[in-house]
Amino acid sequence: MAKIFNVNGTCRAEQHYMVDLSSRLRAIKAMVDAGDYFTINRARQYGKTTVLNALADYLKSDYYVISLDFQGLSYADFETEERFVAAVSRQILLVVDDGLYVEAERVLTPYTDGSKKGAFLSEFFISLTRICKTMEKRIVLLIDEVDSASNNQVFLDFLAQLRFYYLKRPNIATFQSVILAGVYDVKNLKHRIHPEEESKYNSPWNIAVDFTIDMGFSEKDIATMLLQYENDWDTGMNVKEISHYLYDYTGGYPYLVSRLCQIMAEGITEAEPKSMKSGHWNRDAFQMAVREILKKPNTLFDDMGKKLADYPKLKEMIYCILFQGKKFVYETENERIRIGEMFGFLKERDGMVSVSNRIFEMKLYNLFLSEEETDTRIFAAAEMEKNQFIRGGYLQMNLVLKKFCEYFEEIYSDVDERFIEDNGRRIFLIFLKPIINGSGNYYIESRTRNMKRTDVIIDYKGVQEVLEMKIWHGQEYNKRGENQLLEYLDYYHLRKGYMLSFNFNKNKQIGVREVILGDKILVEAVV
């Protein structure tokens, strides 16, 4: 059976194309060998379960491994200590290997068959220490999906017991290492149970060491996965180029990498000639995959929308970053930043807060714009006349800017300067969206986005256009903008570029003009 790119559930090397996890597993094992207790808290669909399953196999030669999944427990299992103990005992007996099973069955059966009435966590942990003391190899406890338990007091009490025995070792036999995996940082559990106590983070999991191992895919990781695919299918792809595209757009987010690869691989068969297979793995195919992943619903993007609704302050921060170019200093104690990073939406770059990857940024733009576009006159105008902007399959950017200037002056001529400073770029993107929707993408060059200027890269059916949007700050600043745009045109091997200036001078000349600079043409629009 041929391997596939997998985005649903655990990845297994014999069935799926995967990056090489060996360096990560070695690094995690070093933490286990040191006796560390820690949490692998990463965003949704970041490969946590895949790593835990691989780790369980990796550790088995040196340790007994108890690998639990709290997603398998029901809400009722957390209602009382007795029910929780019985449920956990059943899971342990279900997953332990033969070397540990006999002793575990002898000790834990009274909790599972109902003969042990009124069992408390304290008694349960004494039973666990007996198992740890009896076995010739140390025991490692892995628990996946701890978010399933995180709103329950019983789980906090469970963590408190783990902490108690951790502090008592080596005088009392206990687990060599405990690893919890989930999205939420366990130190915030008490905050989630008692939201009115916003300043209190007295989690019993303060014994945990920081987990700093990078779980994302590097460009090299992606290349090793694509080489496996190329060896099987012989498509003739440029592995280095496609790996760069994938990393550049995803920042190594595992689900996004695998899903884009899955889209590009769809439809390839062994009977297909190599010349046809290569068409699935080039720049045009990659851009098609980007359009596809942004267009169709998936659980990751669904979760993004829900999280933004649940955390309005985080949503407001991201909006200000994207549309107003505001800068926020990266500070881990800032709750909005911490939550945004925990969900995978934000990251630190050069000491400032940044959206974590280009795909997320494009999706966030779409989400924000979709909330406003249906009630916006300029969107309706672009939607009504969108067909005129495409000729011979190509986007007519000159006409896009010309019509935008006309509609902008008609609709927004009476609004104040502050409104335009805060919303000008958002208004243009609302205008652009129905024109390229379904056949094109755009993204913001985040390194240049600030309060004064924003560079937009528009990709329509494989043809790129570079547009600089900026607030007018005088002729000298405009000249610098022209020179910067020329550099971008050289980088993208383009001869023509575009500028859109929001100018508040009363004597400004509204409209579109062409400027020749060397061998380049700049189309400059002023509103």
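1. In β3, D144 is the bridge partner of D69. Helices and strands here are DSSP runs numbered from the N terminus, helices being H or I with at least four residues and strands E with at least two. β2 and β3 (residues 139–144) run parallel and are joined by six bridges. Two strands count as paired if DSSP finds at least two bridges between them.

2. On the basis of the model: it is predicted, so local features need pLDDT of at least 70 and side-chain atom pairs count only at pLDDT 80 or more, while totals for chains, interfaces and linings use all residues. Residues are numbered from 1 along each chain as its sequence is written, and side-chain values use heavy atoms, with hydrogens and water left out.

3. The open sheet has four strands in the order β1-β4-β3-β2, with parallel pairing. β1 (37–41) and β2 (64–69) stand at the edges with a single partner strand each, so one side of each has no neighbour in the sheet. On average, neighbouring strands of this sheet are turned by 15 degrees against each other, direction ignored. Helix α6 (residues 153–168) lies across β1, β3 and β4 (177–182), and runs at about 155 degrees to β3. Such angles run from 0 to 180 degrees between N-to-C directions, with axes as lines fitted to C-alpha atoms, for helices over the stretch in contact.

4. A cis peptide bond, with omega about 5 degrees, joins R169 and P170. P170 is in the loop between α6 and β4.

5. Helix α18 (residues 397–412) has 16 residues and reaches 21 Å from its first C-alpha to its last, close to the expected 22 Å. The expected span is 1.5 Å times one less than the number of residues. Among the buried residues of α18 are L401, F404 and F408. Buried means under 20% relative accessible area, exposed over 50%, and partly exposed in between (1.4 Å probe, protein chains only).

6. Which residues touch the most other members of the largest nonpolar core? They are L226, W281, F404, F428 and L500, out of 140 residues. α18 gives the most to this core, with ten residues. Apart from it lies another core of 45 residues, including F70 and W205. A nonpolar core is a set of buried Ala, Val, Leu, Ile, Met, Phe, Trp, Tyr and Cys residues joined through side-chain atoms within 4.5 Å. Leaving aside neighbours within four places in sequence, L500 is in contact (heavy atoms within 4.5 Å) with residues including L401, F404 and F428.

7. The structure holds 46 aromatic pairs. The rings of Y46 and Y253 have centres 4.7 Å apart and planes at 75 degrees, so this pair is edge-to-face. Rings of Phe, Tyr and Trp (its six-membered ring) pair if their centres lie within 6.5 Å; planes under 30 degrees apart are stacked, over 60 edge-to-face, and the rest tilted. Y46 is in the loop between β1 and α2 (48–59), and Y253 in the loop between α9 (239–250) and α10 (254–265), so the pair ties together parts 207 residues apart in sequence. Y46 is buried at 16% relative accessible area, and Y253 is buried at 2%.

8. Q45 lies in the loop between β1 and α2. Phi of Q45 is near 55 degrees, a positive value in a residue other than glycine. Q45 is partly exposed, at 27% relative accessible area. D350, in the loop between β5 (346–349) and β6 (352–355), also has a positive phi near 55 degrees. D350 is exposed, with a relative accessible area of 73%.
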